[in-house]
Amino acid sequence: SWATYTTCSYPSRITSGQGLQLVHRHRFLFQRFKPQRYYYGLLLLLRNAMLALFPVIFTPVPSLQIEIMGFVLLTASALQIRLWPWRTELANYTDLAINLLLQIL
């Protein structure tokens with residue numbers, strides 16, 4: 001919830017002059033991504049939470065686990081391709097390759 005609040009307040013804080021303090025304090029959310037893709041850290045946290053929770057929630061139905069996790073990974077890959085959020089090209093290609101390899105496994 002704090003990450004959501006911080007990400008949603010990012011544009012207003014940047015324009016008010018408190019942006020440097022916010023970015024410095026929450027570097028783990030914002031520093032790795034392009035400034036115009038500041039929200040991708042929150043998307044990454046949500047993706048990782050879903051990948052961790054779905055096997056626990058759907059324990060009785062293993063086939064559904066596989067389908068849901070495949071859907072989450074496919075959606076994350078499509079968003080990553082569309083947004084191209086990382087600051088370097090190598091990081092974007094590496095993230096894409098890892099997502100695709102996880103889908104194959």
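Leaving aside its neighbours within four places in sequence, with which residues is F30 in contact? In this predicted model, in which contact means heavy atoms within 4.5 Å, F30 is in contact with T6, T7, Y10, L22, V23, Y38 and R87, apart from those sequence neighbours.

Residues are numbered from 1 along each chain as its sequence is written, and side-chain values use heavy atoms, with hydrogens and water left out. Because the model is predicted, local features need pLDDT of at least 70 and side-chain atom pairs count only at pLDDT 80 or more, whereas totals for chains, interfaces and linings use all residues.

The secondary structure of the protein chain comes to six helices and zero strands, where helices (H or I, at least four residues) and strands (E, at least two) are DSSP runs numbered from the N terminus. Along the sequence the pattern is α-α-α-α-α-α, and the C-alpha atoms fill a box of roughly 50 × 30 × 20 Å along the principal axes. Of the 105 residues of the protein chain, 31% count as buried, a class defined by under 20% relative accessible area, with exposed meaning over 50% and partly exposed in between (1.4 Å probe, protein chains only). Among contacts between residues at least 6 apart in sequence, 48% join residues at least 24 apart.

F30 also belongs to the largest nonpolar core, which has six residues, A3, Y10, L22, L29, F30 and L42; such a core is a set of buried Ala, Val, Leu, Ile, Met, Phe, Trp, Tyr and Cys residues joined through side-chain atoms within 4.5 Å. Two or more residues of this core are given by each of α1 (2-16) and α3 (27-30).

The axes of α4 and α5 come within 9 Å and cross at roughly 170 degrees, the axes being lines fitted to C-alpha atoms, for helices over the stretch in contact, and the angles running from 0 to 180 degrees between N-to-C directions. Helix α4 is therefore roughly antiparallel to α5, given that angles under 35 degrees count as roughly parallel, over 145 as roughly antiparallel, 65 to 115 as roughly perpendicular and the rest as oblique. In this contact, Y40, L43, R47, M50, L51, F54 and P55 of α4 meet Q65, I68, M69, V72, L73, A76, Q80 and L83 of α5. These residues divide into 12 nonpolar, two polar and one charged, where Ala, Val, Leu, Ile, Met, Phe, Trp, Tyr, Cys and Pro count as nonpolar, Asp, Glu, Lys and Arg as charged, and the others, Gly among them, as polar. L43, found in helix α4 (residues 40-57), is partly exposed, with a relative accessible area of 31%; L43 and A76 are 33 residues apart in sequence and 8.6 Å apart in space, C-alpha to C-alpha.

Helix α5 (residues 62-83) packs on helix α6 (residues 89-104) at an angle of about 160 degrees, with the axes 9 Å apart, and the two helices are therefore roughly antiparallel to each other. The contact is made by L73, L74, A76, S77, Q80 and I81 of α5 and by N92, D95, L96, N99, L102 and Q103 of α6, a set of six nonpolar, five polar and one charged residues. N99, in helix α6, is buried, with a relative accessible area of 1%, and touches R47, L73, A76 and S77, not counting residues up to four places away in sequence. In the loop between α5 and α6 lies W84, whose phi is near 50 degrees, a positive value in a residue other than glycine.
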